[in-house]
Amino acid sequence: MRPRTVWQALPAPRYLLTSWPWRSAGYLISGALAGAVVLVVSVIGVAVGGALSLALIGLPLLALLALTGIPVAALERRRLRLMDRAPADDPHRRPEEPGLWSWMTCRFRERATWRELGYVLLLAVVLWPLDALAVGICTAVPLAMVSTPVVMEVYGDGAEARVVKLWTVTTWPEAFATAAGGLVTLLLGCYFLGLLAGARAELTRFLLTYRAAEPDARVMELTRSRVRLVDAFEAERRRIERDLHDGAQQRIVALTMMLGLARLDAPPGPLADQLARAHEEAGKALAELRELIHGIHPKVLADYGLQAAVADAADRSVIPVDLDLELPGRFPEAVEAAAYFVVCEALANVARHSGAHRVAVSGGHAGGRMFLEIHDDGRGGASTSGGSGLTGLADRVSVLDGRLSLSSPAGGPTRLRVEIPCEWTDRSA
């Protein structure tokens, strides 16, 4: 199996015969060149921006310099392919809207942008001199030692040869011994370059790629996607409600009227009895369809808001409901829908399981949070576990960063409370 990284290639006996020593040297040399270029460009940019800042022209230039880490980091991630065949993940997220302003706003708010800027400063000041020094020590010094006999031959017999200006070689045995030592040093230097290049690449990957230890951006994106799914779900519910209300319901109403007219015109007998039964079944189907439409997305909720929709649900409850709502206005559609269905599910559970005689529904808005509380005098013992309908409502509320809490000891009473952070709006204007 081919080594994927230099760390996997270093222990192999054939390491010196592979391309990894050359890749390591190329990675460090290209890093030294890139760092030198970045240093020159940064010095010129800072100097120009500082000189023009008195006229407020340099402020946009300095802001652009803060973004120079993005292309440099992109280049560094591509250079990582020399040391690791696996692609380096881009830590930046896609802007929510097209356009330059949206892109710049998104980038300035990301931690990755400032990490990349810090990496550029580190590259320009510290890393590229170390890269150049390491390549020089590991290659230039051994090659100078290996070339000692050649230098003595060029300058003639008896000439002195200074090895990297550190010591003098005057005899041929010393020259060949120096060359042999240089060859050994060169081979060891190949291993040292691999180690240094691998460590250098790990540092780059740590600073410039996505890190699972900092999932802030991914968590935010997942949260946004969940909210978008809820909004899309609510929009689809409203579309289905409109299609049923304007399509299927109108056809059943027309069918009911036609059956009623046919029933009036038919003479007494078996045909009239069949028309009467068909008219009654059509009326029942219409009533069931209206109830289904109301359950999908009640029109009163869309037109008049949460308070009116909860009041309508209380009027339709088979158990008397005491209503005490003080809502200042309208809320976001997803919030109103979640709160409404919590109330409907709670009233349905009270009617089916609690044996309660009365229910109290209260709510309001305070501290940036809308809250609703449903209290009954039933036998208690309710739970959100075990696949009950309240589990789905709790998940739906959690998508909106809300909280659903239930207190239902055996013997009662049962108290269900939902809190959703939101701000109210006035839609009457």
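So, a charge sits over a ring if NZ of Lys or CZ of Arg is within 6 Å of the ring centre and within 35 degrees of the ring normal. Here, R79 lies over the face of Y27, at 4.3 Å from the ring centre.

Quick housekeeping. This is a predicted model, where local features need pLDDT of at least 70 and side-chain atom pairs count only at pLDDT 80 or more, while totals for chains, interfaces and linings use all residues. Residues are numbered from 1 along each chain as its sequence is written, and side-chain values use heavy atoms, leaving out hydrogens and water.

Okay, rings. Phe, Tyr and Trp rings (for Trp, the six-membered one) pair if their centres lie within 6.5 Å; planes under 30 degrees apart are stacked, over 60 edge-to-face, and the rest tilted. The count comes to 2 aromatic pairs. One is Y15 with Y191, tilted, at 4.9 Å centre to centre and 40° between the planes. Y15 is in the loop between α1 and α2 and Y191 is in helix α8, so this pair ties together parts that are 176 residues apart in sequence. Buried or exposed, what is Y15? It's buried, at 0% relative accessible area, and Y191 is partly exposed at 30%. For us, buried means under 20% relative accessible area, exposed over 50%, and partly exposed in between, with a 1.4 Å probe and protein chains only.

Now the sheet. Helices (H or I, at least four residues) and strands (E, at least two) are DSSP runs, numbered from the N terminus, and two strands pair if DSSP finds at least two bridges between them. Five strands form an open sheet, in the order β3-β4-β5-β7-β6, with mixed pairing. β3 and β6 stand at the edges with a single partner strand each, so one side of each has no neighbour in the sheet.

Look at β4 and β5: they pair in the antiparallel sense over 8 bridges, with G364 opposite F371 in β5. In their hairpin, which has 2 residues between the strands, G367 takes a positive phi near 60°. On its other partner, β5 pairs with β7, again antiparallel over 8 bridges, and R369 stands opposite P421 in β7.

Last one: how many disulfides? The count is 0, where a disulfide is a pair of cysteine sulfur atoms within 2.5 Å. The sulfur of C138 is 8.4 Å from the closest cysteine sulfur, in C190, so that's too far for a bond.
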